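User: I have a model open and want to learn how to read it. Can we take it feature by feature?

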Amino acid sequence: MDDKDLEILKLMQGNARLTAEALSAVVGLSPPAVQKRVKRLRDSGVIQSEIAVLSPAKLGREMTVIVEVVLERESRMHLDAFKQRMRAAPEVQQCYYTTGEADFILIVVTKDVKEYEAFTQEYFFDEANVSRFNTSVVMDRVKVSLDIL
């Protein structure tokens with residue numbers, strides 16, 4: 001990977017819909033050269049996916065909470081089971097297995113407190129392996145990004 005690849009990645013990170021022509025105008029390569037590089041970056045897994053970022057507010061999902069979860073038992077079987085449940089939960093945007101006091105940190109998006117309460121009932125209170133959880137309600141989305149470059 002060279003500087004041109006990094007430049008292409010930075011541009012695509014901001015707007016994955018940029019055409020090869022638009023990218024080529026900025027990075028100083030021909031459109032076919034840009035297409036070749038983008039294909040290589042996709043094929044190698046450097047570009048994992050190209051997604052649409054949706055507005056939670058416009059879709060009625062205005063409540064974001066950060067949840068710290070502590071498990072009762074941390075065997076591989078218990079950890080894998082919790083990870084699988086979080087992957088399948090539509091309310092969970094992000095789930096991190098962490099060090100420190102919490103075993104997991106979650107970013108959860110719901111429409112309101114009532115929906116979050118139902119989420120906690122299903123995934124925490126009804127789950128024997130969840131020892132405790134701590135919820136922080138997000139007051140303002142100051143910065144939300146998956147940018148690396």
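Analyst: Start with the largest pocket: its lining has 23 nonpolar, 10 polar and nine charged residues. Nonpolar here means Ala, Val, Leu, Ile, Met, Phe, Trp, Tyr, Cys and Pro; charged means Asp, Glu, Lys and Arg; the others, Gly among them, are polar. The model is predicted, so local features need pLDDT of at least 70 and side-chain atom pairs 80 or more, while totals for chains, interfaces and linings use all residues. Residues are numbered from 1 along each chain as its sequence is written, and side-chain values use heavy atoms, without hydrogens or water.

User: How is a pocket found, and which residues lie nearest the centre of the largest pocket?

Analyst: A probe the size of a water molecule is rolled over the atoms to show where empty space is left. A pocket is an open set of points on a 1 Å grid over the protein atoms alone, where a 1.4 Å probe fits, with protein on both sides within 12 Å along at least five of seven lines; lining residues have an atom within 4 Å of a point. In this model 42 residues line the largest pocket, and Ile51, Val53, Ser145, Leu146 and Asp147 are nearest its centre. Elements giving two or more residues to that lining are α1 (3-14), β1 (63-71), β2 (92-97) and β3 (104-110). Elements are DSSP runs numbered from the N terminus: helices are H or I with at least four residues, strands E with at least two.

User: In what order do the strands form the sheet?

Analyst: Strands pair if DSSP finds at least two bridges between them. Four strands make an open, antiparallel sheet in the order β2-β3-β1-β4. β2 and β4 (130-137) are the edges; each has a single partner strand, so one side of each lacks a neighbour in the sheet. Neighbouring strands are turned by 20° on average, direction ignored. Inside the sheet, β1 and β3 pair over seven bridges. Met63 faces Thr110 of β3.

User: Which helix packs on the sheet?

Analyst: Helix α5 (residues 113-125) does, touching β1, β2, β3 and β4. Contact means heavy atoms within 4.5 Å. The direction of α5 makes about 160° with that of β4. Glu115 sits in α5. Leaving out residues up to four places away in sequence, Glu115 touches Arg61, Val109 and Thr110.

User: How do α2 and α3 cross?

Analyst: Two packed helices are described by the angle and the distance between their axes. Axes are lines fitted to C-alpha atoms, for helices over the stretch in contact; angles run from 0 to 180 degrees between N-to-C directions. The axes of α2 (residues 20-27) and α3 (residues 31-43) come within 8 Å and cross at roughly 105°. The two are therefore roughly perpendicular, a label for 65 to 115 degrees. Ala20, Glu21, Leu23, Ser24 and Val27 of α2 meet Pro31, Val34, Gln35 and Val38 of α3. That contact has six nonpolar, two polar and one charged residues.

User: At what angle do α1 and α3 pack?

Analyst: About 80°, with axes 11 Å apart. Lys4, Asp5, Ile8, Leu9 and Met12 of α1 touch Val34, Arg37, Val38, Arg40, Leu41 and Arg42 of α3. This contact divides into six nonpolar, no polar and five charged residues.

How values were computed: Angles under 35 degrees count as roughly parallel, over 145 as roughly antiparallel, 65 to 115 as roughly perpendicular and the rest as oblique.
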